[in-house]
Every structure is written in C-alpha cells, then in structure tokens.
Amino acid sequence: MNARDDVLARVRRALADVPDDERPQDVPVDRRYSAGGTPPAGPPDLVQLLAERLTDYGASVRPVTSDEVAAAVAQAVSARGAHSVVVPRGFPPQWQAALAAERVLTDEPRLPVEQLDRIGGVVTTVATAIAATGTLVLDCGPGQGRRALTLVPDYHLCVVRAEQIVASVPEALARLAPVRPLTFISGPSATSDIELDRVEGVHGPRTLQVLVISDPPNPLGTPLES
Amino acid sequence: MNDTTFLGMPAFPSAAKSALDNAQLRRNLAHATDTIRGKRAHAVGELDDWEELREAGRAIKERTLRHLDRYLIQVEERVTAAGGHVHWARDAEEARRIVIDLVQATGEREVVKVKSMATQEIGLNEALADAGISAYETDLAELIVQLGQDHPSHILVPAIHRNRAEIRDIFVRAMGDYGTAAPAGLSDDPHALAEAARRHLREKFLRAKVAVSGANFLVAETGTAVVVESEGNGRMCLTLPDTLISVVGIEKVVPTWRDLEVFLQLLPRSSTGERMNPYTSTWTGTAADDGPSTFHLVLLDAGRTDTLADPIGRQALNCIRCSACLNVCPVYERAGGHAYGSVYPGPIGAILTPQLRGTTSAVDRSLPYASTLCGACYEVCPVKINIPEVLVHLRARVVDDSRRRRIPTPEKLAMSAARWVLSHPSRLAAVQRAGSAAGRLAGRRGRISRLPGPLSAWTETRDAPAPPTETFRAWWRRNR
Ligand code: SF4
C-alpha cells in the first residue's frame, strides 16, 4: 500500500468508534461567540479603536482627511528620510501626487530582492483592517503589490480608508478571498524570545506608519469624494 | 520513533531533579512564565466571549478529528488544484526522506527554516545535515538553540531557559561560524540582540532558494495553509525562496475558512498574550508572480493515527501549540522543558509524547506522572483539552502495560513528580491563582475550589495506579 492509502486506512481504523452514518455536521459547533459587530472594549469609533490598538503595538497612526492624504504621504516619507520608496501598481495617483517623482520606484519590472533591501521604504493600501486587534490585512490587491514589497524594506507606510475597517476578526475573514496570499500585520515585527520581553523590530519593516482617512460627516449628507 | 528522543535522556524524575538543581534555569523560567501569564490573562480578559470561543475551538477540532479522512482528502484535492504537490508520510523516517529528496532535487545545499514543531519532532535538521544540507533556523529562539547546540525547552519560546547574558555569549561565540558574525562589543540589551539576529539572518533570507516550514492550520475547504508568527522570519521563508516545503501533522486540518475566525482569536491571546501576533501569513498552493513557484505539502502521521485511535487520548490532537498550559504548570515551572525528553514539554507533552511515541522507553512511561493533576492546564487550554483526564487515562495504560510486560510499575515516579511542586505550596498556590483568574473557572469551579485542589484531584483518580503506601494528604501533613 502506498503511504497515502496507508495513512487514510489507519485514520479510518482509528475512528472505528465513529458511526458509519455520522456526517461532519452531526458534530455540533456552537458559534455563539460574537461573530462581529460589537468590538469587546475600547472606543466605540472604529477609526479610533484601530488607531489605539495599532499604537499599542508600536505602529504610529495619523488620522487624515481625503484632502490631506497626498501631503501626509509626502511628509511621512520625507520625515523618514527615505531616499526612495516603492509604490505598487494600483496605488491611487492622487495619494502620491505630492511625492517627488524621482523618489518613487515601481515594481515593474520586478525589483531584485537586493534592491528591495536597500530601498528606503514602501507605501501601500490595504485590503481590510481589524479594529479590535489593530490588524492590517494585505491581499496583494491594487496598491499593495507582491508580499516581498512590504517585507524586505525597513519602512512601511500604509494608507487605510475608514470604510475598510471592520470591528472583528470574523468580519475580516468573511471579506477576504483565501485564494490570494494574505498577510495580517499587527504592528511592526516583534519578538518575545528574549526573556519573554517584547522587542519591536526583527525581520520585517521595523517602522510601520499608518494613515487613516476619515472625513468629517458631510453636512449635506452625501459622502465626500476621496 | 525513539530515534528522536533527546539523546541519553533519563526518565522525567531524574531529569527534572537535575533541572531543579540548576538555579539559573529556574530563575529564567520563573521570570518568563510569570510575565507571560500576566499578559495572557489580560488579553483573554478583554474578550467577553472567550468561553464561547474555547467551546467552538474544541468542537471544530472534534468535528475535524472524527472525520479526518475526508478532510485530508479534501486538503489534497484543493492544494493540488491550487498548484501544490501533496506527499504523505507514515512516520518520521519517511517524512525525512521525502524532504531530503525534494531539497536534493532542487540542487540546493542549504535551506532556511521557519520554527516548526513537526520538523523538530521528526529530527529533520539532523537528517538534512547527514545528507549534506545545511538547515538554518530563522526564529530568534530557534537560532539561539541552534547556535548554542542546545535543545528547545518551550513550545513558543524554545530558548526560554536562556537569559539575555547567556544569549549574548552564544551569539558572540557562534554566529561567525554560520555566517555574519555578531557585531563587536555586542551588549545584552534585547534590542541589540534582535538587531544582531536581523543582520545575521538577512543574507541567508536574501539568497535562500528553498524554505522548510510547518503550518499552524490547514484549511480543508480551500487548501489554505496558515503560519502565525511574530518576527517576520516566517514571511521571509514563505515569500522569498523559489521552493517551499511545509511539513504538517495531519491533525492541523480545520474544515472551513470560517473556522479560522475562532483559532485566529484563540491562538495569539493564549500564546503570546497579544490581541493578534504581528504577522499571520496564509497561502493557497502557489500564486502567480508572488512567492515560491513550487509548493510541497508533506502530510505527517508519525503516531497521530495511534493517538486518534484512543477515544479519550484523541483530544490531545486538538492542540494548537499555544503553550499556555506550560506557562501555568507548577511542575513545568520547576522542572524545566528539557526534563520532558521531547520537543513537546509541559502538560501537553506529558499527554502527547507517550501517545505519539508509545510508552516503551522509561522517559515516555514516566511522562503521564509529570503532573500534580491540579487542573490549571485544562483551565487555560484554548481548545479545552482535558489534560488531567488524559493523564489519568494514560497512567492506567502504562500500569496495564507494565504488568503485562513484567516491568516495574511507576508508582515511585508518581511520588517524585508531585513532590517537587508540593514541597513549595506557596508557589503552587501562586500558579493556580494565575491560572484560575485567567482561565475563567465557570463550569469547573466546584472541582478546582475544593481545597486543597491538587490533592483532592490526586486522591480522586479512580483509574490511577494503586495508591502509594500513604495518602497524599498524610504525606502532605507530614512534609509541609
Ligand atoms: S494543550 Fe492546550 S494549552 Fe497546551 S499548548 Fe496545546 S492548545 Fe495550548
């Protein structure tokens, strides 16, 4: 018997106590845990909660309005002293309008990993963000690029729109497509391996900055353009 | 399977005795577990649906295990459809052979590794070395263990027994032998140590062509693998190389994508005491233009089906390797991880190792006794493994087996196992308080609060081996 059939046969033998007609759904799974909606504790406003939780884990967060994004992106990159940043395809042009063109690299053609290692940083969007846990989720969609782009450079600036924020982990998973490679990022890389003390900054970007676009309610009742 | 027992490992009681004599180790361990217990309690306390999440986690695992054959077939189908290759390994030997062949087929002589219990369990690094392939561990704690030519002593933090000064010394002494040396004048500041690890490993990540990983979860419905980590070394290994080989125990399967919503809440809060760990990666087969172009999944049995065959012992396969049970265990805190003689220390090791490896060696026969049955492990376990129940059950199995094979029964071991902890009741009480506060005693309050908890639990063990000549209550009064 080949290994596959052998292992499967062993599994079936081991489960001799399971009735033949039992189906997986016959084993009840009680999903009374809160599947979303109410984040457990903290500020009621998702933008505030996300900001608080991200900050808690060593990211810096700045709320901006739609009008301020371009300037905030350029300012963050300058303040960082990044000589160049990679901006993936699909990143909204209006958000990078204030970046000096000579500082911007695209990933087309693909940048060799050695170059990514020397680059000043990366600027991206997100797929979704989870307020309760302070998590950004990237799915390699527009404005996010392939995974290496947000991994090898030492600085990551991420732009989140308020409506991309969900309260909880279950809501986020429901929005995501598992066929795409996903990366959940909660603060900059960290380790607790030395005496279980948290130290921020090991292999991933050691500096994570987040701009959250949140516009004040429009008195006319229609959403402001972003 | 005994080939992967730590070499020359004595049975638990004598190994634990020597660990107890090592004051530095005990201080390191006590400090670390104390820190992490507090963090976990805080992170768990934030969620008012924690008990519901635990119950869902347990139930999902039960559903999975009772129908494991169909989920494994589904994993195989989905991973294959997504461009991956699936291999099956009956035992450690077969798994090692598969991985070595796959690496050799790439023509490479080195691999980078993400921390993985499964590959440690099968002794992969040693086998790769014998085949002329260098395997570089990239998790900081694993790196410390590897450079220090040491054994892991904790599931989450394998170098938990080392303090910062010892780590500095190891880096200074050994980094240069494997690549970029430690910077001159390296201090023992954790930031400086992390920076040294970053520099040491970066060149390896950038040139690596092959990575070996495990996975925390494997979603049957979609064929998606999940790695939960902190440092970014996992992302490096999962993203930069051309070939990725993941060795995953067959019990890591979960049925649906949605099921992850439970485990991605349970695991980080139980493990590092964080709301969410810094990085979680998921991948489904291979993706065009992103990450490895070749993905191999090695599904590992290695004693798991033997474990599955025991309807009571089976629940040990629920384990998501969070290590919360280690951090609250009074025996673990005093004995240290090495005493358990396997890559799975602490309460989970005491019930998993004897089932995976069988109870033929002295160390494995003694493991079910490496506990006071105080119940703290059960209280904190995010998937509700009733570790005391399985311990008692395994003790009976060991005793039956010993009688049948006419070898000494292990009552003596039982006495010594409890003695280390019970000789310091204040410490035990402290550990129990921490475990209880964090674990929310709802539903089990009656049992745990019957004082003295551990002792009544001990004397209640109907299935346990013949009681020692004096009861623990009497022994306790005499020795306190
Ligand atoms: S047995 Fe439970 S508490 Fe212990 S490591 Fe496994 S999941 Fe965590």
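**Entry 1. Two local features of chain A**

In which loop of chain A does A:Cys140 lie? I looked the residue up in the predicted model and found A:Cys140 in the loop between strand 6 and strand 7 of chain A. I had turned to A:Cys140 for its backbone: phi is near 65°, a positive value in a residue other than glycine. I noted for comparison that most residues other than glycine have a negative phi, and most peptide bonds are trans.

A:Glu108 and A:Pro109 are joined by a cis peptide bond, with omega at about 0°. I placed A:Pro109 in the loop between strand 3 and helix 4 (113-118) of chain A.

**Entry 2. The parallel sheet of chain A**

I next traced a sheet within chain A. It is an open sheet of six strands in the order 1-12-7-4-2-3, and the pairing is parallel. Which strands form its edges? I recorded strand 1 (60-64) and strand 3 (104-105) of chain A, each of which pairs on one side only.

At the strand 3 end, I found that strand 2 (residues 85-86) of chain A runs parallel to strand 3 of chain A and is joined to it by two bridges. Within this pair, A:Val86 stands opposite A:Leu105.

I then looked for a helix against the sheet. Helix 3 (residues 69-80) of chain A lies across strand 1, strand 2, strand 4 (121-124), strand 7 (155-161) and strand 12 (207-213) of chain A. Its direction is at about 165° to strand 7 of chain A.

Where the chains meet, strand 9 (residues 182-185) of chain A pairs with strand 9 (residues 279-284) of chain B in the antiparallel sense, over four bridges. I read off one facing pair there: A:Thr183 stands opposite B:Ser281.

**Entry 3. The interface of chain B and chain A**

How many residues of each chain are in contact with the other? I recorded 97 residues of chain B and 80 residues of chain A. The area buried between the chains is about 7,700 Å², and carbon and sulfur atoms give 58% of it. On the chain B side, B:Arg90, B:Arg198 and B:Arg275 lose the most area to chain A, together 10% of what that side buries.

I then turned to polar pairs and counted 40 residue pairs in polar contact between chain B and chain A. Helix 10 (residues 190-207) of chain B gives the most to the side that touches chain A, with 11 residues. By class, I found 44 nonpolar, 23 polar and 30 charged residues on that side of chain B.

**Entry 4. Salt bridges**

Side chains of opposite charge can pair when their charged atoms come close. I found 46 salt bridges over all chains, and 13 across the interface of chain B and chain A. One of them links B:Arg314 with A:Asp17, where the closest N and O atoms are 2.7 Å apart.

I also looked up B:Arg66, which forms a salt bridge with A:Glu22 at 2.8 Å between the closest N and O atoms. Why does this pair join two chains? B:Arg66 lies in helix 3 (residues 50-66) of chain B, and A:Glu22 lies in the loop between helix 1 (3-14) and helix 2 (46-56) of chain A, so the pair joins two chains.

**Entry 5. Two helices of chain B**

Lastly, I examined helix 2 (residues 23-45) and helix 12 (residues 260-271) of chain B, which pack at an angle of about 145° with their axes 7 Å apart. The contact is made by B:Ile36, B:Arg40, B:Ala43 and B:Val44 of helix 2 and by B:Arg269, B:Ser270 and B:Ser271 of helix 12. I sorted these residues into three nonpolar, two polar and two charged.

How values were computed. Residues are numbered from 1 along each chain as its sequence is written. Chains are lettered from A and ligands numbered from 1 in the order in which they are written. This is a predicted model: local features need pLDDT of at least 70, side-chain atom pairs count only at pLDDT 80 or more; totals for chains, interfaces and linings use all residues. Side-chain values use heavy atoms; hydrogens and water are left out. Contact means heavy atoms within 4.5 Å. Buried area is the accessible area (1.4 Å probe) that two parts lose on being put together, summed over both. A salt bridge is a side-chain nitrogen of Lys or Arg within 4 Å of a carboxyl oxygen of Asp or Glu. A polar contact is a pair of N or O atoms within 3.5 Å; within protein, one must be able to donate a hydrogen and the other to accept it, and residues adjacent in sequence count only if both atoms are side-chain atoms. Ala, Val, Leu, Ile, Met, Phe, Trp, Tyr, Cys and Pro count as nonpolar, Asp, Glu, Lys and Arg as charged, and the others, Gly among them, as polar. Two strands pair if DSSP finds at least two bridges between them. Axes are lines fitted to C-alpha atoms, for helices over the stretch in contact, and angles run from 0 to 180 degrees between N-to-C directions.
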